[in-house]
Amino acid sequence: MIFGSHDETAMKSSKVDGILVTGVMTETPLAFVTFNRPDSAARSFESIRRARPKTLFLVSDAARPDREGEDELVRRTRSIGEQVDWPCDVHRLYADENLGCARRISSAITAALELVDRLIILEDDCIAHQDFYGYCDNLLERYADDERVMAVSGNNFQRGHVRGDASYYFSAYPHCWGWATWRRAWQHFDLQLSEWPDFRDEGNLKNFCGGSEQLAYWTHTFDDCHAGRIDSWAYPWTCCCWMNHGLTALPNVNLVSNIGFNEAATHTRRKSACSELTTASLGPITHPPHVARHFQADQFSEETLFSGATRGGIIKRLRRKLGITTQRRAA
């Protein structure tokens, strides 16, 4: 792994696409995660250049040894993040052997949070609206010491439904296409989910699931993560948040668009209703009166993104495997 840093000469402005960019720099350190997609990385990095974070972690996995030409793609993609033309403390977290998605991203977040106490994470297929950065700055400061809040996300998958009167609401789902967290929260992360079997067997997952389908879906998902059958850090992060009763702040407009749904992706190869969502301005930030989970919003997410989106044969098989019986819902 290559780990280095440098300080750029201070400047008051920078040029992006020939346009002079000025204004307040993003206070929160930012990790830009790339791999082998230079085209999407270039589009994502343009948003970062406009936001001008004061501290930037460049994160990259190494090429897979059995993929011809991937070395060059990784090199080209890394070069995108090297185009820093604003005053910035740059740290490079470049793997010298392929770690895979789960280990590369989670280990980089851990390494970054050993140096800073809060962090924005943006992958190279995600394009953030400029309001995303100020939103993260604001909420990371506001909830810095609130153990109930474990993450801030820029994602909104509510399809036009507004949840409450504030700029954001709280959810059990730590959506991760452009998000942020604190060292105090990430300390609970465990990629191996070593405590999951006890949590499962004690029946604690029922506290987060509204029915047998949800219970079957998430039990199966976390079982697969624990057994190493899924190369994901995001599902283990969800589980760790739940095991610590952590909430995530989600905006009432979408602030990050994922453009990475194609054959080059690791997990998002097929188009979905969540791909390439439009983004919008959040406007002046208003805060909800209480830190409490919005159950109606989460039920909508569960139905449209998780267990409800995979309803059918797989759920029936999971129920039989887990010995879960189905109760007919009232009309």
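Residues are numbered from 1 along each chain as its sequence is written, and side-chain values use heavy atoms, with hydrogens and water left out. Because the model is predicted, local features need pLDDT of at least 70 and side-chain atom pairs count only at pLDDT 80 or more, while totals for chains, interfaces and linings use all residues.

**Strand 12 and its neighbours**

Helices (H or I, at least four residues) and strands (E, at least two) are DSSP runs, numbered from the N terminus. Strand 12 (residues 247-251) pairs with strand 9 (residues 149-153) through three bridges, and the two run parallel. Strand 10 (residues 168-171) is joined to strand 12 by four bridges, this time antiparallel; there the bridge partner of Tyr-168 is Pro-251. Two strands count as paired if DSSP finds at least two bridges between them.

How many of the five residues of strand 12 are buried? Five of the five are, so strand 12 is largely enclosed by the rest of the structure. Buried here means under 20% relative accessible area, exposed means over 50%, and partly exposed is in between (1.4 Å probe, protein chains only). In a regular strand the side chains alternate between the two faces of the sheet. In strand 12, Leu-247, Ala-249 and Pro-251 point one way, Thr-248 and Leu-250 point the other way, and all are buried.

**Thr-181 in strand 11**

Thr-181 sits in strand 11 (residues 179-182) and is buried, with a relative accessible area of 0%. A polar atom of its side chain lies 2.7 Å from the backbone oxygen of Met-150. Leaving aside residues up to four places away in sequence, Thr-181 touches Leu-113, Arg-118, Leu-119, Ile-121, Leu-140, Met-150, Ala-151, Trp-186 and Trp-237. Contact means heavy atoms within 4.5 Å.

Glu-46 lies in helix 1 (residues 38-51) and is buried at a relative accessible area of 18%. The side chain of Glu-46 makes a polar contact with the side chain of Arg-49 (3.1 Å). A polar contact is a pair of N or O atoms within 3.5 Å; within protein, one must be able to donate a hydrogen and the other to accept it, and residues adjacent in sequence count only if both atoms are side-chain atoms.

The buried residues of helix 2 (residues 70-81) are Glu-70, Val-74, Thr-77, Arg-78, Ile-80 and Gly-81. They cover an arc of only 145° around the axis, which puts them on the same side of helix 2; the arc is that of the directions from the helix axis to the C-beta atoms. Their cover includes strand 4 (30-34), helix 1, strand 5 (55-60) and strand 6 (89-94). Strand 6 is itself mostly covered, with five of its six residues buried. Six bridges join strand 5 to strand 6 in parallel, and Thr-55 has Asp-89 as its bridge partner in strand 6.

Helix 7 (residues 212-226) is mostly covered as well, since twelve of its 15 residues are buried; among them are Leu-215, Tyr-217, Trp-218 and Phe-222. Just after helix 7, Gly-228 takes a positive phi of about 80°.

The expected span of a helix is 1.5 Å times one less than its number of residues, and the table sets it beside the distance between the end C-alpha atoms.

| Helix | Residues | Expected span | End-to-end C-alpha distance |
|---|---|---|---|
| Helix 7 | 212-226 | 21 Å | 21 Å |

**Two loop residues with positive phi**

Most residues other than glycine have a negative phi, and most peptide bonds are trans. Arg-159 has a positive phi, near 55°. Arg-159 lies in the loop between strand 9 and strand 10 and, at 54% relative accessibility, counts as exposed. Glu-276 also has a positive phi, of about 55°. Glu-276 is found in the loop between strand 13 (256-258) and helix 9 (295-305) and counts as partly exposed at 44% relative accessibility.

**Cysteines and the whole chain**

The structure holds zero disulfides (a disulfide being a pair of cysteine sulfur atoms within 2.5 Å). Cys-136 is buried, with a relative accessible area of 0%, and Cys-209 is buried at 14%.

Overall, the protein chain has ten helices and 13 strands, and 55% of its 331 residues count as buried. Among contacts between residues at least 6 apart in sequence, 82% join residues at least 24 apart.
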